[in-house]
Amino acid sequence: MSFLFSGRSSKTFKPRKALPEGSRQAELLKHAEATLGSGNLRLAVALPEGEDLNEWIAVNTVDFFNQINMLFGTIAEFCTEQSCPVMSAGPKYEYHWADGTNIKRPIKCSAPKYIDYLMTWVQDQLDDEALFPSKIGVPFPKNFLSVAKMILRRLFRVYAHVYHQHFGIVTQLQEEAHLNTSFKHFIYFVQEFNLIDRRELAPLQDLIERLTAKDR
């Protein structure tokens with residue numbers, strides 16, 4: 001499935017291609033989906049017995065990228081240069097873009113531009129076999145965990161922007177249950193493996209407390 005971010009970009013975002021059928025990662029994703037179906041998100045994010053931590057983080061990072069891509073796709077037409085001239089998560093938090101390669105110094109840009117940069121950058125990381133090997137037995141690089149943490153930290157910013165700036169539209173589209181479930185799954189996952197610093201989660205800390213309170 002792909003989404004054309006209408007009215008502002010000719011780029012079509014394509015979620016990460018399906019994991020190779022029969023591969024270890026495809027089996028892990030099936031396991032994740034089966035445990036998610038149980039309704040116990042704490043259990044769903046736990047590392048399955050005997051599995052490699054990097055492999056588990058890789059599979060879930062790809063899955064969250066796909067989820068966020070689809071969720072943002074449903075409201076992308078409402079996130080414009082005019083409505084969102086800066087990439088923000090409420091009045092206190094503003095994000096500037098840099099990828100360290102093409103854009104070395106952080107630049108201020110609109111939310112749609114920022115998310116365009118971000119999703120393209122993430123997809124490039126996921127498609128890099130040296131970083132995210134899809135073949136069984138190919139080792140993960142030493143910097144894998146730091147790259148995965150950066151991807152997840154930046155994907156969080158899309159959730160934060162959607163909640164702060166577009167939740168009214170999400171509600172009108174009756175997508176709030178889907179968004180909340182996806183975000184709660186994401187938060188449990190990053191908490192389980194300490195993948196995002198608490199201070200980075202500050203824009204949605206109240207929401208995180210509310211969503212996770214019932215499961216303590």
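Predicted model: local features only at pLDDT ≥ 70, side-chain atom pairs only at ≥ 80, totals over all residues.
## Overview

Five salt bridges are present in the structure. Three pairs are treated below, among them one that belongs to a network joining R153, R157 and E200.

## The E200 and R157 pair

E200 and R157 are joined by a salt bridge in which the closest N and O atoms lie 3.7 Å apart. Because E200 sits in the loop between α6 (176-192) and α7 (205-213), whereas R157 belongs to helix α5 (residues 144-172), this contact ties together parts that are 43 residues apart in sequence.

The two partners fall into separate accessibility classes: E200, with 21% relative accessibility, counts as partly exposed, while R157, with 12%, counts as buried. The value for R157 falls under the 20% limit for a buried residue, and therefore the arginine is classed in that way.

## The E209 and R198 pair

A further salt bridge is formed between the side chains of E209 and R198, with an N to O distance of 3.9 Å. Distant parts of the chain are linked by this pair, since E209 lies in helix α7 and R198 in the loop between α6 and α7, eleven residues apart. E209 has a relative accessible area of 32% and is partly exposed, whereas R198, at 58% relative accessibility, is exposed.

## The R199 and D197 pair

R199 forms a salt bridge with D197, and the closest N and O atoms of this pair are 3.5 Å apart. R199 counts as exposed at 65% relative accessibility, and D197 counts as partly exposed at 43%.

Note on methods: Residues numbered from 1 in each chain as written. Heavy atoms only, no water. Salt bridge = Lys/Arg side-chain N within 4 Å of Asp/Glu carboxyl O. Helix = DSSP H or I, 4+ residues; strand = E, 2+ residues; numbered from the N terminus. Buried < 20%, exposed > 50% of the residue type's maximum accessible area, 1.4 Å probe, protein only.
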